[in-house]
Amino acid sequence: MIGSLLPPAARSVQSFTPRLDITLSPREEALIAGAVPKRRNEFTTVRACAHEALAALGLAPVPLLPDERGAPGWPPGIVGSMTHCAGYAAATVAHAHEIAALGIDAEPNCPLPEGMLEAITLPEERSALASLAALPASAAEPAWDRLLFSAKESVYKAWYPVTRRRLNFQEAFLEFAPDGTFTARVFVPAPPGLARMRGRWAADSSHVLTAVAVEQA
């Protein structure tokens with residue numbers, strides 16, 4: 001499902017079940033030494049997806065180590081993004097000369113905890129969400145507040161590797177369309193292509209998915 005939200009230049013792999021069929025590198029293994037089984041399964045599964053996605057680009061597996069903010073490091077000339085939540089994991093990669101930035105996120109398709117929406121949104125976004133929630137429900141109706149959170153996560157994942165700067169939730173205004181697209185306007189100085197980003201979203205009964213791909217000019 002995540003691959004349908006991204007351009008053809010991106011390679012994506014997803015899994016709905018734990019993937020423990022890979023051997024982590026010693027440096028990766030060190031990151032989860034002593035981790036509880038849930039954390040180990042998430043870490044290993046998303047890297048299994050990432051290794052397969054890299055293989056689809058003709059690249060051998062490499063250690064995928066997080067930086068101080070948790071963003072994974074990719075091989076030179078590669079951009080990518082990972083995500084995992086209960087019952088889902090995915091990774092996507094592309095050549096940097098084709099795609100400048102990638103961000104994907106998956107979340108459970110259920111409302112945010114009480115009070116969280118106000119903490120991550122602008123008043124205009126909450127008003128727009130209320131209008132979308134009032135539309136006739138479809139078979140794959142998203143929890144709109146959770147979808148907004150997911151989209152902001154995808155925007156941040158595309159933003160941070162390029163800028164190496166934080167982007168607060170209120171520093172980007174997101175607007176959704178019922179056709180499965182959204183736009184993000186960033187309110188802080190941004191490199192070309194990142195001031196206004198476009199993304200796509202999808203939902204089923206279990207998950208909401210969002211993706212941002214900034215293609216090279």
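The expected span of a helix is 1.5 Å times one less than its number of residues. Helices (H or I, at least four residues) and strands (E, at least two) are taken here as DSSP runs, numbered from the N terminus. By that rule helix H5, with 20 residues, reaches 28 Å from its first C-alpha to its last, close to the 28 Å expected at 1.5 Å a residue. The model is a predicted one, in which local features need pLDDT of at least 70 and side-chain atom pairs count only at pLDDT 80 or more, whereas totals for chains, interfaces and linings use all residues. Residues are numbered from 1 along each chain as its sequence is written, and side-chain values use heavy atoms, with hydrogens and water left out.

Of its 20 residues, 15 are buried, which leaves H5 mostly covered; buried means under 20% relative accessible area, exposed over 50%, and partly exposed in between (1.4 Å probe, protein chains only). After H5 comes Arg-164, with a positive phi near 60°.

The largest nonpolar core has 30 residues, and Val-155, Leu-174, Phe-176, Phe-182 and Met-197 touch the most other members. Such a core is a set of buried Ala, Val, Leu, Ile, Met, Phe, Trp, Tyr and Cys residues joined through side-chain atoms within 4.5 Å. At least two residues each are supplied by H3 (116-120), H4 (123-133), H5, S5, S6 (181-186), S7 (196-203) and S8 (207-215). H5 gives the largest share, nine residues. Another core, of 17 residues, lies apart from this one and includes Leu-5, Val-79, Ala-94 and Ala-202.

Aromatic side chains come next. A pair of aromatic rings is described by the distance of the centres and the angle of the planes. Rings of Phe, Tyr and Trp (its six-membered ring) pair if their centres lie within 6.5 Å; planes under 30 degrees apart count as stacked, over 60 as edge-to-face and the rest as tilted. The structure holds six aromatic pairs. One of them, Phe-149 with Phe-169, is tilted, at 5.9 Å centre to centre and 35° between the planes. This pair links distant parts of the chain, 20 residues apart: Phe-149 belongs to H5 (residues 144-163), and Phe-169 to the loop between H5 and strand S5 (172-177). Phe-149 is buried at 11% relative accessible area, while Phe-169 is partly exposed at 28%. Tyr-156 and Tyr-160 form a stacked pair, because their ring centres are 5.8 Å apart and their planes meet at 20°. These two tyrosines are four residues apart in H5, so about one helical turn separates them. Tyr-160 is buried, at 3% relative accessibility. Elsewhere, ring pairs join Trp-144, Phe-176, Phe-182 and Trp-201 into a cluster.

Glu-107 lies in strand S4 (residues 99-108) and is buried, with a relative accessible area of 11%. Leaving aside residues up to four places away in sequence, Glu-107 touches Cys-85, Arg-146, Phe-149, Ser-150, Ser-206, His-207 and Val-208, where contact means heavy atoms within 4.5 Å.

The cysteines complete the account. A disulfide is a pair of cysteine sulfur atoms within 2.5 Å, and a search of the whole structure finds zero. Cys-49 is in no disulfide, the nearest cysteine sulfur being that of Cys-85, 12 Å away; Cys-49 is buried at 0% relative accessibility. The sulfur of Cys-110 is 9.3 Å from the closest cysteine sulfur, in Cys-85, and is therefore too far for a bond. Cys-110 is partly exposed, at 30%.
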